[in-house]
Amino acid sequence: MAAYVIYEVECQLDPDIVPDYDEWLPGHVREVLDCAGFLGATIESPETPPGERQRRRVRYRVESVAALDHYLENEATRLRTLTSERFGSRVQCDRRVFKPREQVVPAALEPRRCLNCGTPITGAHCAACGQASDVHVLSMREVAGDITHSLLHLDSRIWRTLRLLVLRPGELTREFIAGRHQSYLPPFRLYLGISILFFALTALLPDATLVRTDPKGNAANAPAAVDGTGAAKELPEDVRKELEAAGVDTETIDKVAKGAKPCTADIPPVFGMEVEEPILRACERIRADGGAALAERFTSTAPKLMFVFLPLMAGVALLFYWRPRRLYAEHLVLFLHNHAFTFLLIGVMEIASAIAEIKLPLMGLFGFVNFLLLLYLPWYIFRSMRVVYGEGRLKTALKFFMLTTIYFTLLGITIMAGLVYSVLSL
């Protein structure tokens, strides 16, 4: 029986790339055969049932398991990357390894199976999913190396997903709807990761609270300062001028200066709960810290509100695209991707704004960059709708304006609900 190993690669092709792929494949096979240990190869074109994608199968003869393991560890990633750069997700490949029986099942022992997918393991790596056969608890050095590789490797799923999300509106959603999931991050995981980074960034950047400062940098959190006896001190002159410039009458300013509390006697119960006491408590808290606690509470509440808001908007979109019928999940995936991009864009804009505040030459250009990014956002949303739903410009524009109106109306209601909840929970 032959001692060599058979390494088989079978690929399914999108119809539009078949001629290009057939022209490219022989050169790719010759490049694989240049790797150490490869003895020869055959290219096959299996019969394709009607309605299925065409397939191409390459069967490589490799001199030993060690030679195949060396290829999988050192050469396979580079060659697969070149294939991905040329054809992207329009090619889906399955890989298998065939060995003589005496090598696979020695002395009545069962072969080891991959702990990830259950495929029999014939070497140092699983031929089906690529997981190493030596699976163990990782050391901190291995964990750090794995994280570095995931973040910096340009062909990783993270960067491939972000490139498509940022540069090609709607394409990531269309890839997901078409069933090509393996090459990209799942929509919910992508949205969750970006939203967490966004809200963390918002909390870290300057001016994240409502605390006011005077020109000397001292806190000026409230219009009036109240001492321990409840008597009010005189309003600072700059605060009084601000109130007068805003059109506040003198009588009201005097009441504020005397520490007058807001009138809450006529506030009715909300959902059967008395809200006068929580509102008074919230007012005192806001008066004491200038709204810092309120801003912090609302910032922690906002991500939870978005998990209610996004499914609601996906349901609204379902009403606008009922012919041809589309699944609710398709609209939800589009909103998850568009919101992930929006959070990413706003995060970049906040960083640019912080840089623009630095007193150095040309830093003001970042303000112009923010203006361009702001213009890009509505075009991005419009373009993503055209790509995913495939409708004309005029029809898409009409639905874009109607959905945008509904979007900001519901968003305003959601934000108000979040503010009310934040105030009552202070």
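Among contacts in the protein (heavy atoms within 4.5 Å) between residues at least 6 apart in sequence, 65% join residues at least 24 apart. The model is predicted, so local features need pLDDT of at least 70 and side-chain atom pairs count only at pLDDT 80 or more, while totals for chains, interfaces and linings use all residues. Residues are numbered from 1 along each chain as its sequence is written, and side-chain values use heavy atoms, leaving out hydrogens and water.

Let's start with the overall picture. The protein has 15 helices and 4 strands; these are DSSP runs numbered from the N terminus, with helices (H or I) of at least four residues and strands (E) of at least two. Of its 426 residues, 35% count as buried, meaning under 20% relative accessible area, with exposed over 50% and partly exposed in between (1.4 Å probe, protein chains only).

Now step inside. A nonpolar core is a set of buried Ala, Val, Leu, Ile, Met, Phe, Trp, Tyr and Cys residues joined through side-chain atoms within 4.5 Å. The largest one has 39 residues, and Leu 165, Leu 190, Tyr 191 and Phe 343 have the most contacts inside it. Helices H6, H8, H12, H13, H14 and H15 each supply at least two residues of this core, and H12 gives the largest share, 9 residues. Apart from it lies another core of 28 residues, among them Val 9 and Cys 35.

Leu 165 is worth a visit: leaving aside neighbours within four places in sequence, its contacts include Leu 172, Leu 190 and Tyr 380.

Finally, look at helix H8 (residues 187–204), where Ile 196 has its place. Ile 196 counts as exposed because its relative accessibility is 51%.
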